[in-house]
Amino acid sequence: MSPHLTTPHVLVLGGTTEARRLAAGLTARGGVRVTTSLAGRVARPGALEGEVRTGGFGGAEGLTEWLRAQRVDAVVDATHPFAAGITANAARAATATGLPLLVLRRPGWRAAPGDRWHPVPSLGAAADALPALGRRVLLTTGRLGLSAFAHLSDLHFVVRSVEPPEPPMPPGLEVLLARGPFTVAGELELLRGHRIDVLVTKDSGGGATAAKLTAARELGLPVVVVRRPPLPEGVTALPDETAVLDRLERLWRPGHNPP
């Protein structure tokens with residue numbers, strides 16, 4: 001990193017592949033203290049460069065106190081695109097402390113010719129759309145939020161997640177524990193083997209789990225896509241860790257006046 005009066009301290013709100021790469025990139029550049037914060041929802045997170053803390057902060061107020069106590073110079077929100085609560089707390093804490101907040105968000109997926117996408121604003125709306133679209137559902141929205149589908153007793157669900165899902169859950173349920181990246185061939189085999197006729201996914205973006213969209217297109221299956229929650233007012237996103245590193249580099253430049 002460029003010269004700074006003291007060693008700059010960057011808090012990375014992590015839990016994603018991009019956060020892991022960012023922590024590694026910051027550490028490799030040297031001259032910066034990096035702390036990655038994990039919510040603690042994954043039992044065995046991957047190795048991370050720099051310091052690691054686990055657990056919540058206690059809302060925006062707790063995060064504000066932590067930022068001041070730890071003399072943080074910049075906050076990077078590299079959480080999952082659907083971690084709206086954490087992003088909102090980060091925005092409030094950054095405003096309270098006057099710190100720069102950079103939001104790292106991988107671009108969302110875009111529909112291709114032949115896709116039968118049904119965009120919806122929430123998991124509840126996804127559940128409302130399902131009965132008209134199919135009876136055997138591949139649900140890939142993560143282990144949380146299955147309560148939105150718990151009342152759909154006439155449908156059969158195949159739920160894929162990294163860790164076991166939490167109740168309440170639909171009564172007709174199979175659980176597949178798996179972590180991406182996935183291949184198109186593997187997704188085609190899964191969809192055919194389980195006789196899936198509709199897919200539900202969040203617009204998480206990225207390549208690790210995009211193969212299911214290609215497989216659904218090849219089979220002509222409808223896909224219910226839950227749109228991302230909006231970012232807090234005044235907050236914009238950067239698409240990758242390179243853009244974040246460049247922005248931080250400019251922040252540490254002598255004579256830089258943050259907006």
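In which strand is the place of R33? R33 has its place in strand β2, which covers residues 33–38; helices (H or I, at least four residues) and strands (E, at least two) are DSSP runs numbered from the N terminus. This is a predicted model, in which local features need pLDDT of at least 70 and side-chain atom pairs count only at pLDDT 80 or more, while totals for chains, interfaces and linings use all residues. Residues are numbered from 1 along each chain as its sequence is written, and side-chain values use heavy atoms, with hydrogens and water left out.

**The chain as a whole**

- The chain holds 7 helices and 12 strands, and its radius of gyration, taken over C-alpha atoms, is 20 Å, close to the 18 Å that the globule rule gives for 259 residues, so the chain is as compact as a globular protein of that length; the rule itself is 2.2 Å times the number of residues to the power 0.38.
- Where contact means heavy atoms within 4.5 Å, 67% of the contacts between residues at least 6 apart in sequence join residues at least 24 apart.
- The chain exposes about 12,700 Å², of which carbon and sulfur atoms supply 53%; accessible areas come from the Shrake-Rupley method with a 1.4 Å probe, and for residues only the protein chains shown count as cover.
- There are 29 positive and 23 negative side chains, with the centres of the two sets 1 Å apart; Lys and Arg count as positive and Asp and Glu as negative, His and the chain ends not being counted, and each charge is placed at NZ of Lys, CZ of Arg, CG of Asp or CD of Glu.

- At 29% relative accessibility, R33 counts as partly exposed, and leaving aside neighbours within four places in sequence, R33 is in contact with T7, P8, H9, V10, E51 and Q70.
- R33 and T7 are 26 residues apart in sequence, yet their C-alpha atoms are 6.6 Å apart in space.
- The side chains of R33 and E51 make a polar contact of 2.9 Å, a polar contact being a pair of N or O atoms within 3.5 Å of which, within protein, one must be able to donate a hydrogen and the other to accept it, and residues adjacent in sequence counting only if both atoms are side-chain atoms.

**Strand β4: V76 and D77**

- V76 is found in strand β4, which runs over residues 74–77, and V76 counts as buried because its relative accessibility is 0%.
- Not counting residues up to four places away in sequence, V76 touches V10, L11, V12, L13, L22, L102, L104, V244 and L248.
- V76 and R160, which are 84 residues apart in sequence, are 29 Å apart in space from C-alpha to C-alpha.
- D77 also has its place in strand β4 and is buried, with a relative accessible area of 0%.
- The side chains of D77 and T79 are joined by a polar contact of 2.5 Å, and beyond the residues up to four places away in sequence, D77 touches L13, T87, L101, L102, V103, L104 and R105.

**Helix α4: L123**

- L123 lies in helix α4, residues 123–129, and counts as buried at 17% relative accessibility.
- With residues up to four places away in sequence not counted, L123 touches T141, L144, G145, A148, F149, K202 and V226.
- One of these, V226, is 103 residues away from L123 in sequence, with a C-alpha to C-alpha distance of 6.6 Å.

**Backbone features in loops**

- P167 and P168 are joined by a cis peptide bond with omega about 0 degrees, and P168 is found in the loop between β8 (156–161) and β9 (173–177).
- Another cis peptide bond, with omega about 10 degrees, joins G180 and P181, where P181 is found in the loop between β9 and α5 (184–193).
- R71, in the loop between α2 (59–69) and β4, has a phi near 50 degrees, a positive value in a residue other than glycine, and R71 is exposed, with a relative accessible area of 70%.
- R195, whose place is in the loop between α5 and β10 (198–202), likewise has a positive phi, near 55 degrees, and is exposed, with a relative accessible area of 56%.

Notes. Buried < 20%, exposed > 50% of the residue type's maximum accessible area, 1.4 Å probe, protein only.
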